[in-house]
Amino acid sequence: MGSRTLTGPQLFLLGGSFLITLGSFAVLPYMSVLLHDRFGLGLGVVGVVLAVASLVQFSGGVVGAALAARIGLRATMLVALAVRTAGFAAFVPGLTRPVVAVAALFLVSCGAALYLPANKAYLVAGCGHERRPGLLAASGSAFNAGIALGPPAAAPFVLTSPAGLFTGVAVLFALVGAGHVLLPSVADEGGGGPGALKVADEVRAVEEDGVAAGAVAGSRLPPFAFTVLAVYVFMFFQHYLALYAVPRTSTAFYGAVLMGYAILLVVAQPLLARRLAALPYATALRLGFGAMAAGTAVLALGGRAGIAVGAVLLCLGEIVLFLKNDLEALARSAAPSATVFGRQRLAAGLGAFAAAVVGGQLYGVAERAAVVPVFWLVVSAQAVVLPALLVVWAGGAARRRAGDGPVAAHRPR
């Protein structure tokens with residue numbers, strides 16, 4: 001997508017998305033170190049704090065969507081940025097008071113929950129369905145570029161001068177928030193597009209004549225549920241690659257893999273956006289989960305080649321599934337766009353939380369049994385089995401609806 005196709009507000013939002021994640025990821029990846037090493041909190045407590053903060057950040061998107069429906073998209077983004085600015089500023093006194101630091105972390109998480117649904121809805125407001133893939137892909141690239149550059153940019157300062165780092169990030173958020181004041185107000189439109197009409201027509205046909213229910217199962221697959229599964233599988237990679245890769249290679253190699261992953265994500269997602277939008281949903285699901293299954297299986301080989309190739313395959317799976325699920329959810333719903341994105345954030349939160357709970361247990365068992373590569377094979381199997389089970393469930397639900405349709409039509413009123 002060339003810059004000539006973007007409006008001024010859209011360009012600002014994309015630039016702001018980069019700066020917001022740059023500032024956030026200059027701090028958040030180091031929270032476990034600060035909470036444990038600086039404040040002396042036990043690892044168990046640290047894990048609980050970070051898990052709850054992550055759940056708030058993701059699942060709170062439904063609250064952000066509700067706020068956007070009440071006060072508007074721009075106002076919601078301003079509130080969110082004010083909350084996040086206050087949170088990062090509160091980390092400064094939190095350096096000597098752990099309770100304040102934990103409260104600051106939750107403020108930052110709440111601000112993130114409020115901001116993203118309104119940000120995405122504003123970005124696609126007034127755009128036809130044909131422009132949404134490129135815009136959402138560009139937004140994802142902006143966020144991921146900030147995620148990639150934030151940690152190395154902050155590394156020299158996070159332990160030596162954290163007060164200066166937190167102050168700088170708070171000032172950055174205040175400046176980005178001030179820029180949002182200048183954005184024009186826009187109306188949040190319903191997400192429904194041709195995809196929503198197509199699904200509704202197919203479902204109506206099944207309910208009326210009861211034929212070929214399985215044929216439309218692919219159209220009835222719920223994007224919310226597949227977002228839960230996609231994030232669930234992906235977060236095993238996100239959480240546990242470091243534990244697996246560093247002892248088998250080096251920290252330098254692990255850092256290079258993460259940087260390469262981020263670059264591939266930033267470059268490839270916009271290039272593939274239109275092709276992904278044109279794919280049938282069921283085909284995209286097979287490609288995306290297939291890439292994740294293959295990637296986690298290759299990780300089990302270990303070594304530099306296995307880890308690098310596995311990361312590339314997982315990156316392709318993320319590109320396909322994360323973008324396609326959002327597009328499909330948006331196309332199927334007549335709800336305001338912020339509501340759709342809020343629900344998708346909730347789905348991501350549920351997947352991330354489940355992966356944190358299940359993954360720790362699985363990795364611990366594999367480590368104690370000295371068969372850590374088997375952990376990745378188990379993840380790979382889940383990437384195949386869980387989507388297949390959901391497809392079976394969706395097909396069964398369609399057949400049950402088809403079977404009840406003619407009977408319901410003749411029931412006395």
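Analyst: Happy to; we can go from the overall fold to single residues.

Analyst: This is a predicted model, where local features need pLDDT of at least 70, side-chain atom pairs count only at pLDDT 80 or more, and totals for chains, interfaces and linings use all residues. Residues are numbered from 1 along each chain as its sequence is written, and side-chain values use heavy atoms, with hydrogens and water left out.

User: Thanks. How many helices and strands does the protein chain have?
Analyst: The protein chain has 16 helices and 0 strands. Helices (H or I, at least four residues) and strands (E, at least two) are DSSP runs, numbered from the N terminus.

User: And what share of the residues counts as buried?
Analyst: Of the 413 residues in the protein chain, 49% count as buried. Buried means under 20% relative accessible area, exposed over 50%, and partly exposed in between (1.4 Å probe, protein chains only).

User: Let's talk salt bridges. How many turn up in the whole structure?
Analyst: The search finds 2 salt bridges; the term stands for a side-chain nitrogen of Lys or Arg within 4 Å of a carboxyl oxygen of Asp or Glu. In one of them, the side chains of aspartate 326 and lysine 120 meet at 3.0 Å, N to O. Aspartate 326 lies in helix 14 (residues 303-332) and lysine 120 in helix 6, so the pair ties together parts that are 206 residues apart in sequence.

User: Are those two buried or exposed?
Analyst: Both aspartate 326 and lysine 120 are buried. For lysine 120, the relative accessibility is 16%.

User: What else does lysine 120 touch?
Analyst: Leaving aside neighbours within four places in sequence, lysine 120 is in contact (heavy atoms within 4.5 Å) with Leu136, Asp326 and Phe341. Lysine 120 sits in helix 6, which covers residues 98-124.

User: Which side chains form a salt bridge at 2.9 Å?
Analyst: Those of arginine 332 and glutamate 328. This pair is 4 residues apart in helix 14, so about one helical turn separates them. Glutamate 328 has a relative accessible area of 14% and is therefore buried.

User: Switching topic: what's the story with helix 8?
Analyst: Helix 8 (residues 162-181) has 20 residues and reaches 29 Å from its first C-alpha to its last, close to the 28 Å expected at 1.5 Å a residue. That expected span is 1.5 Å times one less than the number of residues. Buried residues of helix 8 include Leu165, Phe166, Phe173 and His180. The helix's buried residues pack against helix 1 (8-24), helix 2 (31-38), helix 5 (73-94), helix 6 and helix 7.

User: Tell me about histidine 180. Is it buried or exposed?
Analyst: Histidine 180 counts as buried, because its relative accessibility is 0%. A polar atom of the histidine 180 side chain lies 2.8 Å from the backbone oxygen of valine 176. Beyond neighbours within four places in sequence, the contacts of histidine 180 include Phe12, Arg74, Met77 and Tyr115.

Definitions and conventions
A polar contact is a pair of N or O atoms within 3.5 Å; within protein, one must be able to donate a hydrogen and the other to accept it, and residues adjacent in sequence count only if both atoms are side-chain atoms.
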